[in-house]
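Thank you all for coming.

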Amino acid sequence: MLETEGLTKSFKGKKAVEGVSLYLDKGESVGLLGPNGAGKSTTISMISTLARPTSGDVRLNGKSVVKDPSAMRSVLGVVPQEIALYEELTAHENLQFFGQIYGLSGKPLETAIQHVLKLVGLEDRQKETVKTYSGGMKRRVNIAAAMMHKPDVIIMDEPTVGIDPQSRSYILEMVRRLNKEEGLTVLYTSHYMEEVERLCDRVYIMDHGSIIASGTKDELKRILSGEETVWIELDRAYPELFAELKMNEHIIQAAETEKGIKLIIPKGKRMLAEIFQLAERHQAQILNVNVQTPSLEDVFLHLTGRKLRD
C-alpha cells in the first residue's frame, strides 16, 4: 500500500537520511525505532509530503507521492510529536478548524467531530478550552484532529510522550482497536519499547539515517538467539564492578539499570559463578539474579549501542 524506495535527504551537503526503503501493507501496524537523531522525523516528513526528498521516492498504491502529493494528503493523518492545538479554543472549535482544512462543512463536519470525540473519549469535555486540559487529554485531541477525515493511513510520532499512565493506556488501546478492528494502517514511532511490542506487527530500526534492521518482533529477537539476558539487582550502584563487567571479553553487552546491571552473554556460557566472584571482590550485595531470553530492547541496544532515549 505504502512504500519508500531509497529515500535520501541532505541538508547543506550532510545526509540526514540515506537510502531508506520500507513498506506498509494495508491494515498493518509498523514500528519505526531509532535513537534521537537517527533520522526518523525527517523520514516521516518525506512520507507525509512535508519535505521533498533529495533522491528516492514514496509510493502510495504504486503511484509516486513525490510527483503528486495530493493523493497522499487525502488519505493520510499525522499525529505530530509536539501538540498542535490552539489552547484558547475548545476541543470542539479545534476540531472544527481542522475539519474545515480537510474540506468538511455543515452536517458532515459536525458528524466527524462527534465521531472522533467519542473515539478519544472526550464527548463530555468538548466545550472546555484546551488550556484547561491535562497533557493526556491534549494528546487525545491531537489524535482526534488527525482522524477527522477518516484517513486510511496514520503516522503517530511519539503520541504518548509526557502523559499519565491512564491516558497512555487509553491511547494504546485506542490505536490497537483502530488497527485491528477497523483496519487502519499505522506507522508508529515511540521512545517506549513496550508500546512497539504491544502495537506493531513489524519493526524497522534506524540509526545514523539508515535502516539497520527490520522484520517481525520474533525475527529481530532471533538476532540474539544465541544469547541470554542476565539481570542483576544490587543494593546500590557499584561503578567499579560495572566497569569490570563491561570490559569482560565474554560479555556481549553491559548496561546499568535503575536497580543494578543488565548483561547479555552467550547462551550456555557458565558465567554466573564468575559474576558472583566479581561481586564479592567489590563487596557488592546481590539482591536478585534473573536470566531471560533477550528482548526487543536488547536487540536495539545491541544494534545501535545506545538506549532508545539517548
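Before I give a volume, let me say what a pocket is here: on a 1 Å grid over the protein atoms alone, a cavity is a set of points where a 1.4 Å probe fits but cannot get out, whereas a pocket is an open set with protein on both sides within 12 Å along at least five of seven lines, and lining residues have an atom within 4 Å of a point. Grid points are joined across faces, edges and corners, and the volume is the space filled by probe spheres set on the points. Please keep in mind that this is a predicted model, in which local features need pLDDT of at least 70 and side-chain atom pairs count only at pLDDT 80 or more, while totals for chains, interfaces and linings use all residues. Residues are numbered from 1 along each chain as its sequence is written, and side-chain values use heavy atoms, with hydrogens and water left out.

With that settled, the largest pocket holds about 330 Å³ of space. Its lining is made of 15 residues, and those nearest the centre are G77, V78, P80, F98 and Y102. Two or more lining residues come from each of β6 (76–79), α3 (91–101) and α5 (135–146), where helices (H or I, at least four residues) and strands (E, at least two) are DSSP runs numbered from the N terminus. By class, the lining has ten nonpolar residues, four polar and one charged; Ala, Val, Leu, Ile, Met, Phe, Trp, Tyr, Cys and Pro count as nonpolar, Asp, Glu, Lys and Arg as charged, and the others, Gly among them, as polar.

Let me turn to the serine, S48, which sits in the loop between α1 (40–47) and β4 (55–60). Is S48 buried or exposed? With a relative accessible area of 6%, S48 is buried, the scale being buried under 20%, exposed over 50% and partly exposed in between, with a 1.4 Å probe and protein chains only. Its side chain reaches two backbone oxygens, that of I44 at 2.8 Å and that of S45 at 3.3 Å; a polar contact here is a pair of N or O atoms within 3.5 Å, where within protein one must be able to donate a hydrogen and the other to accept it, and residues adjacent in sequence count only if both atoms are side-chain atoms. Leaving aside residues up to four places away in sequence, S48 touches L76, V78 and I155, contact meaning heavy atoms within 4.5 Å.

Now the charged pairs. The whole structure has 14 salt bridges, each a side-chain nitrogen of Lys or Arg within 4 Å of a carboxyl oxygen of Asp or Glu. In one of them, R168 meets E194 at 2.7 Å, N to O, and this pair links distant parts of the chain, with R168 in helix α6 (residues 165–182) and E194 in helix α7 (residues 193–199), 26 residues apart.

R176 and E173 form another, at 2.8 Å, N to O; because they are three residues apart in helix α6, about one helical turn separates them. E173 also bridges to R198, with the closest N and O atoms 3.6 Å apart, and since R198 lies in helix α7 and E173 in helix α6, this pair ties together parts that are 25 residues apart in sequence. Partly exposed are R176 at 27%, E173 at 29% and R198 at 40%. To close, E173, R176, E181 and R198 are linked in a network of salt bridges.
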